Amino acid sequence: MSVNVDNSIMQENAPHDFSLNDYKVVWKQCLEFIKGNVPALTYNTWFLPIKPIDFHSNTLRIEVPNNFFVEWIDEHYNTLINRTIHQVIGEDAKLIYVIVDDKQPIIDDEPNLFSQPVEEDKPKEKQGSNEPEFESFINPRYKFENFIKGEGNELARAAAFAIGENPGATSFNPLFVYGGVGLGKTHLIQAIGNKIIEKFPTKKVIYLSTEHFTVEFVDAIQNNTINEFSAFYKSMDALIIDDIQFLIGKEKTQDLFFHIFNTLHQSGKQIILSSDKPPKDLKGLNERLISRFQWGLTADIQPPDFETRIAILKNKANNYGITLSTEIFEFIAMNITSNIRELEGCLVKLLANSSLSSKEIDLALVKKTVKEISTSRQVNISIDYITQIVCEYLKVDENKVREKNRKKEVVMARQIAMYLSKKLTQSSLKTIGLHFGGRDHSTVIHAYNTIDELVGNDIQIKDTLDSLRNKIELGVA
Ligand code: ADP
Ligand code: MG
């Protein structure tokens, strides 16, 4: 049982008796404990930037800037963190990290495996005063003001800006932005959302990843609320859907999306989409959707040129409060060329390395950090690709793996594909389940545990898994 207690009183009281709204107090007490146990530089670099989100049933959720942050804290301060939450909250305390970039929460004691569906973790956005409250899922961090203009994104940015000023009223409807990983698609399309909310507080705007949209759709089918689901999206003034390439292979979601698209478009409401490729290359997507995606403006985002990379680095460094020499900026910009997320990651890593060794950020440290990033560069592996390779290897029909087939060899292939999807991609359990005929996340956990145990006990299985892994990783390299 918890009662609402005035914050100032809470602070003086003994721990273990916080109310739901006291997440800030809980985190503040945690910070005080941590502060007493680490050097000031470490505290400022790693713990001050964390923001508490909420606190339910002894579980505190905190927001961290990126995945690297979580890994670093977990690797270096895991014991301290555990001690802290036990001290402040109690023995059964739990901590969940929510990453601002990917909205991928990671539970402290079960990293990776139990990451939850992402989208439930965004702060609530209040929409127009007369409208019922709903979650817009738009990250307030993604603004036009901190989106650096460059040759590679000029058209996309200009069109996006015009839409933000005048949603539904330009000829850019839909706006279809496409480009490679980490080039700013998500940032840009959410910046439109932020702009609209800022300029037109009564307009209803919602942002969803395609996977989130699909999960909501599957839930609506299960709960028999398709009509409400459809009406909700049709009531938007602006609908922003990210990574629309993930609609491929999801026929029913495509059908419903088609109807929502038509209704919105006919009533002059704004639709904004992103994808990794242009509409015409979305093989496997319904032709009528592909043609509609080309009705408005299709704009690509190309990797940033050297000057833009420098400008982005300077902007980010400024935000992190670090000053670097021109030589250092140039070295990073020369060596990290194709991905803005990596430019950002490089600065965070630099900050981390210098904070840990209490060293100045000099060129030697920069060279070491850039090298680390280049070698750990992850290849982009999809769940579907993993499934394809596993099925080829085990000579099992790929479709059967996605159906309710319980034949021994099919179950085995399915479990191995789920296991490798968890190991080799960043996808959440829910997303993985979705790729295997809409199975529940607990099925994925079960598959993971089953294969994990087999790998530990059976050398032959281990060999099979190793060869599969090699094949998958080489295939996309
Ligand atoms: P994508 O969706 O294309 O994979 P994101 O939008 O997630 O890429 O961008 C990756 C990171 O790079 C984000 O943190 C984003 O804020 C940053 N970023 C991308 N483009 C720019 C830009 N032009 N200016 C400033 N930051 C950018
Ligand atoms: Mg994105």
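Taken alone, ligand 1 exposes 560 Å², and the protein buries 96% of that. Those accessible areas come from the Shrake-Rupley method with a 1.4 Å probe, and for residues only the protein chains shown count as cover.

Quick housekeeping before I go on. This is a predicted model, where local features need pLDDT of at least 70 and side-chain atom pairs count only at pLDDT 80 or more, while totals for chains, interfaces and linings use all residues. Residues are numbered from 1 along each chain as its sequence is written, chains are lettered from A and ligands numbered from 1 in the order in which they are written, and side-chain values use heavy atoms, with hydrogens and water left out.

Okay, back to the ligand. T186 also puts a polar side-chain atom 2.7 Å from an oxygen atom of ligand 1. With G184 it's the backbone: a polar atom there is 3.0 Å from an oxygen of the ligand. For reference, a polar contact is a pair of N or O atoms within 3.5 Å; within protein, one must be able to donate a hydrogen and the other to accept it, and residues adjacent in sequence count only if both atoms are side-chain atoms.

Zooming out to the shell, 19 residues surround ligand 1, where near means a heavy atom within 4 Å. The closest are G182, T186, H187, R341 and E344. By class, that's seven nonpolar, seven polar and five charged residues. Here Ala, Val, Leu, Ile, Met, Phe, Trp, Tyr, Cys and Pro count as nonpolar, Asp, Glu, Lys and Arg as charged, and the others, Gly among them, as polar.

Where does the shell come from? Helices α6 (185-199), α11 (306-320) and α13 (340-357) each supply at least two residues. Helices here are DSSP runs of H or I with at least four residues, strands are E runs of at least two, and both are numbered from the N terminus. At the domain level, domain 2 (134-301) and domain 3 (306-376) each give at least three residues, with bounds from an automatic or database domain assignment.

Now the aromatics. The structure holds 15 aromatic pairs, meaning Phe, Tyr or Trp rings (six-membered ring for Trp) with centres within 6.5 Å; planes under 30 degrees apart are stacked, over 60 edge-to-face, the rest tilted. Take F47 and Y77: their centres are 5.4 Å apart and their planes at 70°, so that pair is edge-to-face. F47 sits in α3 (residues 40-47) and Y77 in α4 (residues 67-88), so to speak a link between distant parts of the chain, 30 residues apart. F47 is buried at 0% relative accessibility, and Y77 is buried at 9%, with buried meaning under 20% relative accessible area, exposed over 50% and partly exposed in between (1.4 Å probe, protein chains only).

F229 and Y233 are edge-to-face too, with centres 4.9 Å apart and planes at 65°. Both lie in α8 (residues 226-234), four residues apart, about one turn of the helix. They also belong to one aromatic cluster, whose members include F213, F257 and W295.

Last stop: N262, in α9 (residues 251-266). The N262 side chain is in polar contact with that of R292, at 2.7 Å, and N262 is buried at 13%.
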